[in-house]
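Dear colleague,

Please find the structure below, together with its sequence. My notes on its aromatic rings follow.

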Amino acid sequence: MSASSMLGAGLRGAVRRLLAAIQRLRLPGPSVLPVAGAVVGVYSGLAAGLFANLILLVRGLSLGFPLLVDAFRSDSEARLLLTEALTAARWHFEFIIVGIPLGLGALGLARLIQPGDGREVVRRRLEVLALLVLGALSLYYPLVALAAVNTLLSHAHGMGKDLEELSPFFVVLAPALGGAVVGRLLRDRPETHGHGVPEVVKAVESEGRLSARDGLLKLAASAVTIGTGGSAGREGPIVYGGAAFGSEVGRTLGFTQRELSILMASGAGAGIAASFNAPIAGAIFAMEILLREFQLRVFSPIILASVTATMVSRGIMGSAAMLERVAYMMVSGWEIVFYTALGLICGALAYAFIQALHGVEEFFQGRRPGRVSAWLGQQPLPIRAALGGLLVGLLALAHPIVWGTGHEFANEALVRGLPLALLASGCVLKLVATALTLGSGGSGGTFFPVTVIGAMAGGAFGEVLQTLVPSVTAPSGAYAMVGMGGAVAAMTRGPLTGMMMVYELSGNYAIILPLMVTCTLASALCHVLVERRAARAGAHRLALRRTPVRELVTWEEPVAPELPATALRERLLSSVSAALPVRGADGRLRGVVVAGALGERWRQAGEAATVEALLDAGPALSQETPVAEALATMDAQSVNVLAVEGGERVGVVTRMGLERFLQAGHHSAPLHEHPVGVTELRP
């Protein structure tokens, strides 16, 4: 045999072995989860960039539209500025060099996988991940171009100083018009109401799902709210949007409920990382606030999601720090006492903000005494949101911090650029304006407005200390910086998130000790003031989840595995749960047979099938098994019905029945109507 023939035979053998190895490829959920987390992080970064640029675009079309029109003239200065902005944009063409081969390679590999023997799952997962990578590339570069257009419109410096040059009528009417538009957008979608983070917490905690469509609608509505001057933050909608996309991707990839929760938390944490250019804080937010665990199995998807989201958002929005980098540090040991007091102030402010928001919501929904509240409750959402925006516009005439996010005033507080009067009044008016914007029906987050409130309060407190004891205290900017972290920690009841957020934004390690003191005390005080009822609600839910399943079992006569499928039909139709336990000749429960899962199996097995070919095999529960353990077993087995053994009797318990029990028990608890409010997180 010639050398060329031997070489050809060797190559053919290698190809056959490679194809055989590809057919043996398996992609279980835990191995795909980190990759899926990284992809979800990419889209969270894209969503953050899109959201930020939508806000700037809405603002720019109302203030800088003539400049945009002028850019179409060939000899205009605006066109030159646009060209410079496009040239200086961070295009990152290396994303194409890496992304396209990865995406096309995964698609090609998926085409080589033959159907059958469970390989459809592997093929679908490869195709979905590949298409998501290619889709991200197609979205990234238009967003970079949009960011360049917004650079032309000159919005990077913030809106505060611009308000002085605007007509008072525009300042008042713009938030009202934005509120009316947002009210119309959200009028028929009540599931999109709220402020983002609590809805994600609920979905992750209950291992539920979020809609990507609702996430996009929330982003658009919030962009209109903030872009027209409403007092709200960017992070809530981004958290919701990232978690919603993670939910959709996880369901498409066929993940279990537990893996789905981890992926939703990854998307939400990536949203925080991208919005604030703070990857560590985003990851800690996902683990501390959403999952409430720091285990190795959740690290990989969450960390990778935060990293990819930050990389993408830096390419779109730039890598400049959101806060001024100032080198404040402790001057004396006495300052620990002052930072302790600041922590208590931040905790009280977070409590006041929550109460104000609840009060405004109830007032605009007609649940407060008085004819005005009753009249407002009868009005449609667009009218209520427009009236709230009108009041916010009036407040903006008194202090420009009310307009939009107000982050430029936080920077002014950090560098001692504001007098005591403006700091104190800004703290109060920002609190009131945010409650009015969101409580009347506007869309947006509470996270960043609270940091601005904390900066104003900390700056005012620092100015008072500078007046009273200047020799033993740092400049007021240090207290403004720490106040931001204290306010975040109090609002989220997450001291680690507050610490790391401000540490990353400020880049100042010397301030870490005051941050630890203030964030811990602020979080603890807000827990005492607000969460005692929520803690009782949590204890009640925990008691329900520990309840044995014996009261929730539907006792049924079991069927034998040898029973013909034709004889099973009548038995199933007459059963209460449309499910029957299956018990073998040895007396051991083999699993359950469920009416809703028979169609495809029956067609594959044929009319001669027995129960053996149709059952869902799984462990049998004891009637003393707690509800929580039963739900966890269903998740681990990816089933919705389990058999239950109760001595002489056997039966079944369903996921729907267990969840209805928990829900009914939660609602029957004698709690205040706001045990956990729309801006609060569960303890």
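Over which ring does the charged end of Lys 218 sit? The charged end of Lys 218 lies over the ring of Tyr 240, 5.3 Å from its centre. A charge is said to sit over a ring if NZ of Lys or CZ of Arg is within 6 Å of the ring centre and within 35 degrees of the ring normal. Arg 649 is likewise placed over the face of Trp 555, at 4.1 Å from the ring centre.

This is a predicted model, in which local features need pLDDT of at least 70 and side-chain atom pairs count only at pLDDT 80 or more, while totals for chains, interfaces and linings use all residues. Residues are numbered from 1 along each chain as its sequence is written, and side-chain values use heavy atoms, with hydrogens and water left out.

Rings of Phe, Tyr and Trp (its six-membered ring) pair if their centres lie within 6.5 Å; planes under 30 degrees apart count as stacked, over 60 as edge-to-face and the rest as tilted. By this rule there are 14 aromatic pairs. One of them joins Phe 95 and Tyr 140 edge-to-face, at 5.3 Å centre to centre and 65° between the planes. The two residues are 45 apart in the chain, with Phe 95 in helix H5 (residues 94-112) and Tyr 140 in helix H6 (residues 119-152); helices are DSSP runs (H or I, at least four residues), numbered from the N terminus.

Yours sincerely
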